[in-house]
Amino acid sequence: MAVSSGAPRPIDAVIKLGGDVLEGEALADSAAEIARARAGRRLLVVHGGGPQATALARRLGVESNIVGGRRITDDPMLGIMKMIVAGRLNVDLVAALRADGVPAFGVSGASGVIRAHRRPPRVVSGAGDLPIDFGLVGDIDGFDIDLLDALDARDLVPVLACLGADAGGTVLNINADVVASQLAGAVRAGALVACTAVGGVRRDKDDPATRLARLTVAEAKAAIADGTVQGGMIPKLEEAFAPLAAGVAAVHIVAPSEIATSLLDPGSVGTLLVP
């Protein structure tokens with residue numbers, strides 16, 4: 001995943017927004033905080049849309065199959081991801097950002113920004129010992145960094161929907177945490193900010209007072225192994241290990257209202273994950 005030599009300076013932060021912060025007040029908070037965070041910084045924004053895809057699938061009678069916090073994607077579910085992620089949510093997020101003064105530009109990863117191949121079956125944490133076939137889910141081969149740099153040169157903030165495509169034009173669903181983590185490593189971002197409704201990692205997921213302010217990679221792995229971290233937070237942490245290994249200084253796991261503060265005062269909100 002080569003980094004373009006034409007970038008005027010490194011990306012300061014990749015900001016990832018989960019689907020749970022792309023509706024109502026949370027969307028407004030996310031957009032306002034990105035506007036605050038942008039002051040003097042180069043940003044890339046990546047978003048998912050899992051909850052909305054699950055809700056639409058339910059209304060259409062399509063079964064959602066999530067294993068170990070990761071979505072198995074068949075043809076009907078891929079169609080739903082296209083409608084939700086590359087459609088409504090990308091449009092709504094771009095519009096909200098522009099309303100707050102951010103010159104956002106919506107991009108589907110399947111437009112060539114994300115090159116991918118279909119993921120082979122593999123064993124994943126929280127899903128037992130047998131390999132899982134995730135269907136039309138992609139593993140990332142690389143990014144079109146020159147295109148992202150060209151948008152930045154026009155003073156536009158790319159807002160990337162988490163779909164990719166292979167060399168034959170097959171569209172693939174890719175977890176937004178995976179996209180954001182690998183993109184942060186590829187552009188050598190100063191930080192990755194992963195934003196969810198829950199905010200930081202907690203010992204008790206239902207008790208904000210149990211927030212873990214700072215975790216090393218070793219501590220995060222231990223928290224997964226002993227069951228402290230469960231469900232969808234497992235892949236969020238695991239995908240954060242790669243950019244840290246690639247030289248990203250820190251990963252911030254925060255709530256929508258904490259995005260800018262996490263960059264201004266690391267560790268004061270959410271969870272700060274460091275090597």
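1. Contact here means heavy atoms within 4.5 Å, and helices (H or I, at least four residues) and strands (E, at least two) are DSSP runs numbered from the N terminus. This is a predicted model, with local features needing pLDDT of at least 70 and side-chain atom pairs counting only at pLDDT 80 or more, while totals for chains, interfaces and linings use all residues. Residues are numbered from 1 along each chain as its sequence is written, and side-chain values use heavy atoms, leaving out hydrogens and water.

2. Have a look at helix α4 (residues 145-153). I145, L148, D149, L151 and D152 are buried there, meaning under 20% relative accessible area with a 1.4 Å probe, protein chains only. These residues sit on the same side of α4 because they cover an arc of only 160° around the axis, taken from the directions from the helix axis to the C-beta atoms. On the other side, D146 and A153 are exposed, that is, over 50%.

3. What do the buried residues of α4 pack against? Their partners are the strands β2 (43-47), β5 (104-108), β7 (138-143) and β8 (157-161), plus helix α5 (176-186).

4. Now the ends. D144 caps the N-terminal end of α4, with a side-chain oxygen 3.4 Å from the backbone nitrogen of D146. After α4 comes D155, which has a positive phi, near 65°.

5. On to the lining of the largest pocket. By class, this lining has 14 nonpolar, 15 polar and 13 charged residues, with Gly counted as polar. Helix α7 gives the largest share, four residues.

Technical notes:
A polar contact is a pair of N or O atoms within 3.5 Å; within protein, one must be able to donate a hydrogen and the other to accept it, and residues adjacent in sequence count only if both atoms are side-chain atoms.
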